[in-house]
Amino acid sequence: MLEELGKVLSLAFLAMMFSFQLYRENRFYRFAEYTALAASLGNGVVIALEYIRKTFVTPSLQGGPGILYLLAVVFAFLLAANYSREYKWIARYPMAIIVGVGMAIALRTSLETEVAKQVWAAMTSIIGGSYTPLDNAVTSIITIIVIAYFLMIPKYTGRASYLLRIARYFMMIGFGATIGARVPSFLAWTSGRITYLLQALGLLGA
Amino acid sequence: MDKIVISWILLLMMCVAYIVPIGLPLKIRTPSEKFYKFIESLPKDSKPLLMSIDFTAGGAPEIYPSMLAVVRHCIARGLRIVVVGIGTDEATVLMHKLFEESGIAKVYRYGVDYVGIGYIPGGEMAITTLATDFQKIVKSDAYGNKISDLPLTRDIKDYNDFSAVIPFDTAGVLTLWVRNWTPLKVPFFASMTAGYEPTFVPFYNAGLIQGYLAGISGGAEYELLSGFRGSAIKSMDMQSITHLYAVTLIIAGLIIPYLRKRR
Amino acid sequence: MSSEIYKLYIPQIIVLLLGIIIISEYFLAVPTLGIISSWARELGILVFSAAMVVAVVGVAIRSIREIKRRTPGEWYFHIWLLIFLFSWIITGCVLTSAHTFYKWLFENFITALYQAMLGLCVFSLFTLFYRFKPRLQLESILLSFTAVITMICGVPIGEVIFPGATALRKWIIEIPVMAVERALMIVMALGVVGLCLRTILGLERSWLGILGALIPTYRRGEKD
C-alpha cells in the first residue's frame with residue numbers, strides 16, 4: 001500500500017513541477033516547490049544531527065575525550081547567535097574556525113594542483129607526447145595568450161590589442177564547448193522522471 | 001505559446017525514444033576505457049576502493065547509472081569498497097539505495113567486503129582529513145557500527161590504505177578531491193556531470209587523474225564495457241533524438257522569422 | 001575599544017593563527033603543528049554540521065515573518081513549509097536515515113521533487129534553442145558553432161551523420177578547450193590564493209558580516 005501511495009505522490013509531484021513549463025506558473029507548482037525545500041532542509045538537519053551524535057556526542061559519553069567533545073558541540077552551536085542583533089558577534093567565533101581552516105586548506109592545495117602542476121603541464125615539449133607537434137604548439141600558444149589576457153589587460157594598446165581579440169576568440173571556443181557539453185546533462189536529469197512515468201504507466205519495463 | 005509547444009514536443013519525443021529504442025552504436029572513449037581497465041587490473045586482495053557519492057537526488061539520473069555499473073563490476077571482481085559522501089547530505093540515503101539495487105548484500109559480507117559510511121559534512125576539511133587521518137572524522141558507519149569494530153575499516157588510517165579514490169560528482173566538489181588527493185599519488189578516477197568535462201580535462205591532461213566517465217555517455221560506455229547494462233545505455237537513443245531536435249530548433253529559429261519577414 | 005577586541009579582533013586573530021598553523025603543517029614536518037591542525041579540522045567539520053542545523057532557524061524566522069505579514073499568495077505556503085519541515089525532522093530523528101519509512105519518504109519526496117525540478121531546465125533550454133539569434137560577430141559564431149559541434153558529436157547519432165565526429169569532438173575538447181580551461185584555471189587559482197591570503201591576514205573581512213568590511217582600516221564608531 002505504501003508503494004502505491006508513493007507512486008501516486010511521485011506522479012502528482014511530477015505533474016505539479018512540469019506544469020510550470022507545460023502550462024504556466026500556478027499554485028500547485030508553488031506548493032511542490034515549498035515541499036521540496038522543506039524536505040531537503042529537513043533531510044539536511046536529520047543527517048547533520050546523526051553525524052554529530054555518532055561522531056562527537058556518543059564517543060564523549062563513552063569516555064575518552066569526553067567533556068572536550070561536548071564543549072566543542074556547544075561551541076559549534078554558538079552559530080545560532082547570528083540571528084540575534086545584540087549577540088551576533090558571538091557567531092563570529094565558530095565562523096572563524098571554518099574560515100581559517102577552509103582558507104588555509106584552499107590556499108595550500110590550489111597552489112599545487114591548479115597552478116604549479118598546470119604550469120608544469122603547460123610547459124610541454126612541442127615534439128613528443130601523445131599529441132602531434134601541431135597540437136602541442138596550439139595548446140601552448142592558446143594557454144599563453146589566454147593567461148596574458150587576464151594578467152596584462154591594462155597594458156594592451158595599439159596593435160597589441162589584437163592579442164586581446166584573439167584571446168577572446170579562443171575563450172568563446174572554450175565556453176561554447178562547455179555549453180555544448182552541458183546539454184546531455186539537462187536531458188539526463190529529465191530522463192529520470194520520464195522513465196519513472198513510463199514505468200508507472202506500464203509502457204516501459206524496469 | 002512556442003515555449004509550451006516546444007516543451008510538449010520534447011516530452012513526447014523523449015517518451016517515444018524510450019518506448020521504441022533504435023540501438024545506435026556507441027563509441028568507447030579513452031578515459032572511460034582507462035577507468036574500466038584499471039578496475040579490471042586490480043587483484044582480488046587489493047586494498048579497498050574509496051568511492052564518494054557527491055551527487056544529489058536530482059542529479060542522480062546522470063551519475064547513478066555509472067556508479068551502479070562500477071559497483072557491480074567491483075562486486076564481480078571481488079574488490080572491497082568503502083562508500084562515503086561529501087558533496088551532499090543526500091548521500092546517505094542514496095548509498096542505501098545503491099546497496100539495495102546492486103544486490104551487494106547477497107554477495108558480500110558487510111564490514112568485511114564493504115562498508116557504507118554515509119555523508120560526512122565539512123567539504124574540503126572532510127576531504128583533507130579523510131586523506132590524512134581517516135578515523136578522526138569517521139567514528140561509525142551509517143548503520144551505527146563502530147569503525148574500529150569492522151574488519152575492513154579498523155586498520156584504515158589514511159590515503160595509503162586505499163587502492164584508488166573514485167568520486168561520483170554533480171555537486172561540484174570534484175575539484176576539492178583532486179586538490180587534496182592527487183598530490184598523494186593515489187590512483188584517481190572520477191565520474192562527473194557532462195558539463196564539467198571541459199573544466200576537468202586539464203587535470204586529466206596533466207596526469208593528475210588517470211581516467212573518468214563523463215556524464216551519462218560515460219556511464220553508458222562503462223555499462224557496455226563491463227556488461228552490466230542499465231539505464232545509461234537505454235538513454236543514449238533518447239539523447240541522440242533530442243540532440244537532433246535541438247539542432248532542428250536552432251535552424252528553425254533562424255529560418256522561420258526570416259521567411260515571415262519575407263512574407 | 002574593548003568591545004572591538006572581542007567582537008572584531010579576536011576572531012581575526014583566530015583566523016590568522018589557524019591559517020599559519022595549517023599552511024605551515026603542509027610544509028614543515030613538526031608533529032605539534034600536525035596535532036593542532038588535525039584538531040582544528042575536526043572542529044571545523046563539527047561547526048559545518050552545526051551550521052546545517054542552525055540554517056533551519058533562519059528559514060523558520062523568515063517564514064514566521066511572512067506569515068505575520070500575511071504576504072498575499074505566499075503566507076499559507078510558509079505555514080505548510082514549517083509544518084512539513086519540522087515533521088520531517090522529528091520523523092528522521094526518531095526513525096534514523098536507515099529506516100525503511102525514511103527511505104520511502106526520501107524516494108517519494110526529495111527524489112521525486114528534485115528530479116522533476118532539475119528536469120524543468122531542459123524545457124527552457126530547448127525554448128532558448130528556438131529563440132537563439134546569434135549576432136554576426138566572430139565571437140558569437142565561434143561560440144555557437146563549437147556548442148553545436150560538441151553537442152552533436154557527443155552522442156551516437158553524431159557518428160552516424162558524420163564518421164569521425166567522436167574524433168573531432170575529442171580534438172576540440174583535448175586541444176583548444178583544454179588549453180583555455182587550463183589558462184582559466186591558473187588565473188582563477190591565483191585569484192583564490194589572493195583571496196585566501198587577504199582573508200587570513202585580515203584585509204578581507206566580509207565574513208565578519210559588518211558594513212565596510214572590505215576597507216582595511218576599521219573606522220571608529222562604525223556599527224557592527
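User: Let's start in chain B. What makes helix α9 (residues 197–205) of chain B count as mostly covered or mostly open?

Analyst: Bear in mind that this is a predicted model. As for α9(B), nine of its nine residues are buried, and the helix is described as mostly covered. A residue is called buried when 20 or more other C-beta atoms lie within 10 Å of its own. The buried residues of α9(B) are Glu197(B), Pro198(B), Thr199(B), Phe200(B), Val201(B), Pro202(B), Phe203(B), Tyr204(B) and Asn205(B). Just past the end of α9(B), Gly207(B) has a positive phi of about 80 degrees.

User: What does Leu225(B) touch, leaving out residues up to four places away in sequence?

Analyst: Leu225(B) touches Ile28(B), Glu33(B) and Tyr36(B). Each of those counts as a contact because the C-beta atoms, placed from the backbone, lie within 7 Å. As for Ala105(B), it is 120 residues from Leu225(B) in sequence, and the C-alpha to C-alpha distance is 24 Å.

User: How many residues of chain B are there, and what share is buried?

Analyst: Chain B has 263 residues, and 60% of them are buried. The chain holds eleven helices and six strands, and its C-alpha trace spans about 80 × 35 × 35 Å along the principal axes. Taking contacts in chain B between residues at least 6 apart in sequence, 72% join residues at least 24 apart.

User: Over to chain C. At what angle do helix α1 (residues 2–27) and helix α2 (residues 31–69) of chain C cross?

Analyst: Roughly 120 degrees, with the axes coming within 9 Å. That angle makes α1(C) oblique to α2(C). Here's the check: 65 to 115 would be roughly perpendicular and over 145 roughly antiparallel, so the value falls in the oblique class. The crossing of α1(C) past α2(C) is left-handed.

User: Which residues make that contact between α1(C) and α2(C)?

Analyst: On the α1(C) side you have Leu18(C), Ile21(C), Ile22(C), Ser24(C) and Glu25(C), and on the α2(C) side Leu33(C), Gly34(C), Ile36(C), Ser37(C) and Ala40(C). By class, the contact has six nonpolar, three polar and one charged.

User: How do α2(C) and helix α3 (residues 75–95) of chain C pack, by angle and axis distance?

Analyst: The angle is about 145 degrees, and the axes are 8 Å apart. α2(C) passes α3(C) in a left-handed crossing. From α2(C), Val56(C), Ala60(C), Ser63(C), Glu66(C) and Ile67(C) meet Trp75(C), His78(C), Ile79(C), Leu81(C), Leu82(C) and Leu85(C) of α3(C). The tally there is eight nonpolar, two polar and one charged.

User: What domains does the assignment give for chain C?

Analyst: Domain 1 (1–95) and domain 2 (133–224). Their C-alpha centres lie 28 Å apart. Seven residues of domain 1 are in contact with seven residues of domain 2, and the domain 1 side of that contact divides into four nonpolar, two polar and one charged.

User: How many residues of chain C and chain A are in contact with each other?

Analyst: 97 residues of chain C are in contact with 94 residues of chain A. The helix that gives the most on the chain C side is α8(C), with 23 residues. That side divides into 75 nonpolar, 15 polar and seven charged residues.

User: And how many residues do chain A and chain B put into their contact?

Analyst: Chain A puts in 41 residues and chain B 49 residues. On the chain A side, α6(A) gives the most, with 17 residues. The chain A side has 20 nonpolar, 16 polar and five charged residues.

Methods
Residues are numbered from 1 along each chain as its sequence is written. Chains are lettered from A and ligands numbered from 1 in the order in which they are written. This is a predicted model: local features need pLDDT of at least 70, side-chain atom pairs count only at pLDDT 80 or more; totals for chains, interfaces and linings use all residues. Two residues are in contact if their C-beta atoms, placed from the backbone, lie within 7 Å. Helices (H or I, at least four residues) and strands (E, at least two) are DSSP runs, numbered from the N terminus. Ala, Val, Leu, Ile, Met, Phe, Trp, Tyr, Cys and Pro count as nonpolar, Asp, Glu, Lys and Arg as charged, and the others, Gly among them, as polar. Axes are lines fitted to C-alpha atoms, for helices over the stretch in contact, and angles run from 0 to 180 degrees between N-to-C directions. Angles under 35 degrees count as roughly parallel, over 145 as roughly antiparallel, 65 to 115 as roughly perpendicular and the rest as oblique. A crossing is left-handed if the near helix is turned anticlockwise from the far one by less than a right angle, and right-handed if clockwise. Domain bounds come from an automatic or database domain assignment. A residue is buried if 20 or more other C-beta atoms lie within 10 Å of its own, exposed if 12 or fewer, and partly exposed in between; C-beta atoms are placed from the backbone.
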